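Reader: I have a chain on the screen and would like to talk through its fold. Could we begin with how its helices are compared?

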Amino acid sequence: MKRLKRIPFFATLTDEELASVFTKMQAQHYRAGELVFDKGAPGDALYLIEQGMVQVVSDTTAEAEVFAHLRDGDFFGEMALLSNRPRSAAVQAATDLDVLLLKKADFEDLLRQHPTLSLTLSRALSQRLIHADQKLVERHLRKMTLFADLS
């Protein structure tokens, strides 16, 4: 339950509120190499990594670009969940993986029960978008010969 505090939009909840969130989460196990979700899939859950590692990839082809590696305590899946849009990337278990997932309907119930989550959620989402934008710019600059060797 303490790992929920690491998720920015749950960080402001009391222990009692966190307990109610935790009771709505479901444990799921994936074997190494197994797909958690594919690009284009509906955003139906938020995932919290209990143990293991995932890689966030552009797609499921052999030539897929790896966007990130996430480990114990990290979370993913919130962008599609919040935007009601299909998943923008695929997520694959890089090792055996144990996650806790929070389904969309339960997440929406929590927002109704705890309206202050919306403000915290907006802040967390803004930070993720800023980070994603910076990574995108960096990836494109690295492709240019002039900037390829810069740190």
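Author: A helix axis here is a line fitted to the C-alpha atoms over the stretch in contact, and the angle between two axes runs from 0 to 180 degrees between N-to-C directions. Please note that this is a predicted model.

Reader: Where do the axes of α1 and α3 come, and at what angle do they cross?

Author: Helix α1 covers residues 15–24 and helix α3 covers residues 104–113. Their axes come within 10 Å and cross at roughly 160°. An angle over 145 degrees counts as roughly antiparallel, and α1 and α3 are therefore roughly antiparallel to each other.

Reader: What is the handedness of the crossing of α1 and α3?

Author: The crossing of α1 and α3 is right-handed.

Reader: Which residues meet there, in α1 and in α3?

Author: From α1 come Ser20, Val21 and Lys24, and they meet Asp106, Asp109, Leu110 and Gln113 of α3. By class, the residues of this contact divide into two nonpolar, two polar and three charged.

Reader: Let me pick Asp109. Is Asp109 buried, exposed or partly exposed?

Author: Asp109, which lies in helix α3, has a relative accessible area of 26% and is therefore partly exposed.

Reader: Stepping back, how many helices and strands does the protein chain have?

Author: The protein chain has four helices and eight strands. Along the sequence, their order is α-β-β-β-β-β-β-α-β-β-α-α.

Reader: What share of the residues is buried?

Author: Of the 151 residues in the protein chain, 32% are buried. The chain exposes about 9100 Å², and carbon and sulfur atoms supply 54% of that area.

Reader: And the contacts: what share comes from residues 24 or more positions apart?

Author: Among contacts with a separation of 6 or more, residues 24 or more positions apart account for 72%.

Reader: I would like an example. Where is Ala94 found?

Author: Ala94 sits in the loop between β7 (90–93) and β8 (97–103). In sequence it is 40 residues from Val54, yet the C-alpha atoms of Ala94 and Val54 are 4.8 Å apart in space.

Reader: Which residues does Ala94 touch, leaving out those up to four places away in sequence?

Author: With those left out, Ala94 touches Ala32, Met53, Val54 and Gln55. Ala94 counts as partly exposed because its relative accessibility is 30%.

Reader: Now another loop. Is Ser58 buried or exposed?

Author: Ser58 is in the loop between β4 (54–57) and β5 (66–70). Its relative accessibility is 14%, so Ser58 counts as buried; the cut-off for buried is under 20%.

Reader: What does Ser58 touch, apart from residues up to four places away in sequence?

Author: Apart from those, Ser58 touches Lys39, Ala64, Glu65, Phe67 and Ala89. The C-alpha atoms of Ser58 and Ser88 are separated by 7.8 Å, and these two residues are 30 residues apart along the chain.

Technical notes: Residues numbered from 1 in each chain as written. Predicted model: local features only at pLDDT ≥ 70, side-chain atom pairs only at ≥ 80, totals over all residues. Heavy atoms only, no water. Helix = DSSP H or I, 4+ residues; strand = E, 2+ residues; numbered from the N terminus. Buried < 20%, exposed > 50% of the residue type's maximum accessible area, 1.4 Å probe, protein only. Contact = heavy atoms within 4.5 Å. Areas by Shrake-Rupley, 256 points an atom, 1.4 Å probe, with all protein chains shown as cover. Parallel < 35°, antiparallel > 145°, perpendicular 65-115°, else oblique. Left-handed = near helix turned anticlockwise from the far one by under 90°. Nonpolar A, V, L, I, M, F, W, Y, C, P; charged D, E, K, R; others polar.
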